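Hello,

Here is the structure I promised to pass on to you. Have a look at it first, and then read on for what turned up.

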Amino acid sequence: MKSSQKKAHLPQGDFEDLYQRHSREVWALAYARWLNAEVAQDIMQEAFLRLWKQWLEGSDILNPRAWLLRVARNLAEDYAKSAFRRNGTQAPQTMNGVKGREDLPLEKMERDETFGQLRLELDQLAPADREILTLRYALDYNANDIAEILNINATAVHMRLSRARQRLAERLTAQGVMQLP
Amino acid sequence: MNTMPTNEKADNIDGLLSRYFQAEMPEPWPECQVWSRLEKPGVRSWFRSTGRLALAASVLLFFLGYLTLAGIFPRTSTSTQTLDHSQDIGSKINKEHKVRK
């Protein structure tokens, strides 16, 4: 599906608008895979770069949002393979809980510890559940928005969200994390 | 054992998840880096093409050197010398053998 006229219809400003509209969703899906904000940001930028290149080459992409989300998922999976090559059997997020030596205010330390434990628990969830949680809490999307992005029905979103929340609550309570900020 | 009511638990996990994910979101939101990233592959491809050119030049120099050396030291002269030595040795023994007889 190539169209040589496409290049002329793509001003940079339109692409920026597209970025503003969809970059957070792309970031959220990448983040859900790795639970690493920087990696997600890198994947997000790479997905948009590929979209721009596709358009420059004249590819006719009818639904850029769906295209971006699909590419972001694929890039996240590819990152898994390259991360394995770089880090052996340890994925980068394994090191997220390791803290630096600098002195931190007590409040921040407690928050980091809580978030570190939450991240470990999130990592135990199914990737599809993490996607739902990220879209719900990072982007404040409702079940219908999430259902539209993930191509599932809203009831399934509600069920998965409720189950994931319950599981997290139980595990974090057992660790005494829920009483913290 | 935890005695927190289920509703309170749900509120807590909701709040915790909100705080966690909001803290993870980049702030301020990064600008589109497509155009700055587009410049990088150019540099990489220049390096790649230069590297390939260097490799091709090295292979060419290797063959030229090989041919030059092959011209200076031809293989045939070496093999003839060896053959001559063996003939000498053989003939010497034969001569001594004949003298004793």
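Predicted model: local features only at pLDDT ≥ 70, side-chain atom pairs only at ≥ 80, totals over all residues.

How many salt bridges does the rule find across the interface of chain A and chain B? There are four. Polar contacts join 14 residue pairs between chain A and chain B, both residues being at pLDDT 80 or more.

On the side of chain A that touches chain B, two or more residues come from each of helix 1 (12-34), helix 2 (37-56), helix 4 (106-124), helix 5 and helix 7 (154-174). Helix 2 of chain A gives the largest share, ten residues. Sorted by class, this side of chain A holds 23 nonpolar, eight polar and seven charged residues.

As for the interface as a whole, 38 residues of chain A and 27 residues of chain B take part in the contact. The size of an interface is often given as the accessible area lost when the parts come together. Between chain A and chain B the buried area is about 3,200 Å², and carbon and sulfur atoms give 69% of that.

One more residue to look up is A:D129, which sits in helix 5 (residues 127-137) of chain A. Is A:D129 buried or exposed? A:D129 is buried, with a relative accessible area of 8%. Apart from neighbours within four places in sequence, A:D129 is in contact with A:R160, A:R163 and A:A164.

Best wishes

Terms used:
Residues numbered from 1 in each chain as written. Chains lettered and ligands numbered in written order. Heavy atoms only, no water. Helix = DSSP H or I, 4+ residues; strand = E, 2+ residues; numbered from the N terminus. Buried < 20%, exposed > 50% of the residue type's maximum accessible area, 1.4 Å probe, protein only. Contact = heavy atoms within 4.5 Å. Buried area = accessible area lost by both parts, 1.4 Å probe. Salt bridge = Lys/Arg side-chain N within 4 Å of Asp/Glu carboxyl O. Polar contact = N/O pair within 3.5 Å; in protein donor to acceptor, adjacent residues only side chain to side chain. Nonpolar A, V, L, I, M, F, W, Y, C, P; charged D, E, K, R; others polar.
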